[in-house]
Amino acid sequence: MTDFNAKIVAEFRENAGKVGGHFEGFSLLLMTTTGAKSGKQSISPVMYVADDDRYLVVASNAGADRHPSWYHNLLANPDLTVEVGTETFAAKAEQVEDTERDAIYNRFVEVAPQFAEYQKGTSRRIPVLALHRSA
């Protein structure tokens, strides 16, 4: 985990899911994924939009031309642990496609306009994933 992410994770856990700085005012969750190659657990803070019984996330990587490592991890192993506020639960990730993906991505743009710039700044189609609570 980068120092940047480690600080966000610590602040998230110390403040019941609230963080300041770059993510202040946004809904943030922590995803613990299993490395696609290493098999090691890693934690990633990610903005989300709640949607009924699922949490929606985008693999924007701040508009970089490559997907974030957590995205590759979830493709290889869609089982993960999610922390929202003070709650921790098992979940399964599912990629969202086509018009549903577009509608969800637009919801992210409404909440955080920088997501429009992220998509404009890269040739890749930024993936959207739905995190479903495991039974």
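Colleague: Which strands does helix 1 lie across?

Modeller: This is a predicted model. Helix 1, residues 3–14, lies across strand 1 (28–34), strand 2 and strand 5 (79–84). Its angle to strand 1 is about 120°.

Colleague: What does helix 3 lie across?

Modeller: Helix 3 (residues 98–111) lies across strands 2, 3, 4, 6 and 7. Helix 3 runs at about 80° to strand 4 (54–58).

Colleague: How do you know that strand 6 and strand 7 pair?

Modeller: Pairing takes at least two bridges. Strand 6 (residues 87–96) and strand 7 (residues 128–133) are joined by 6 bridges, so they count as paired. They run antiparallel. Lys92 stands opposite His132 in strand 7.

Colleague: In what order do the 7 strands form the sheet?

Modeller: The order is 2-1-5-6-7-4-3, an open sheet with antiparallel pairing. Strand 2 (41–47) and strand 3 (49–51) each have a single partner strand, so they are the edges, and one side of each lacks a neighbour in the sheet. From one strand to the next, the twist averages 35°.

Colleague: What volume does the largest pocket have, and which residues lie nearest its centre?

Modeller: The volume is about 630 Å³. The lining has 26 residues, with Asn5, Phe23, Pro45, Asn61 and Trp70 nearest the centre. Helix 1, strand 2, helix 2 (69–76) and helix 4 (114–120) each give two or more residues. Strand 2 gives the most, with 6.

Colleague: How does the lining of the largest pocket divide by class?

Modeller: The lining has 15 nonpolar, 10 polar and 1 charged residues.

Definitions and conventions:
Residues are numbered from 1 along each chain as its sequence is written. This is a predicted model: local features need pLDDT of at least 70, side-chain atom pairs count only at pLDDT 80 or more; totals for chains, interfaces and linings use all residues. Side-chain values use heavy atoms; hydrogens and water are left out. Helices (H or I, at least four residues) and strands (E, at least two) are DSSP runs, numbered from the N terminus. Axes are lines fitted to C-alpha atoms, for helices over the stretch in contact, and angles run from 0 to 180 degrees between N-to-C directions. Contact means heavy atoms within 4.5 Å. On a 1 Å grid over the protein atoms alone, a cavity is a set of points where a 1.4 Å probe fits but cannot get out, and a pocket is an open set with protein on both sides within 12 Å along at least five of seven lines; lining residues have an atom within 4 Å of a point. Grid points are joined across faces, edges and corners, and a volume is the space filled by probe spheres set on the points. Ala, Val, Leu, Ile, Met, Phe, Trp, Tyr, Cys and Pro count as nonpolar, Asp, Glu, Lys and Arg as charged, and the others, Gly among them, as polar.
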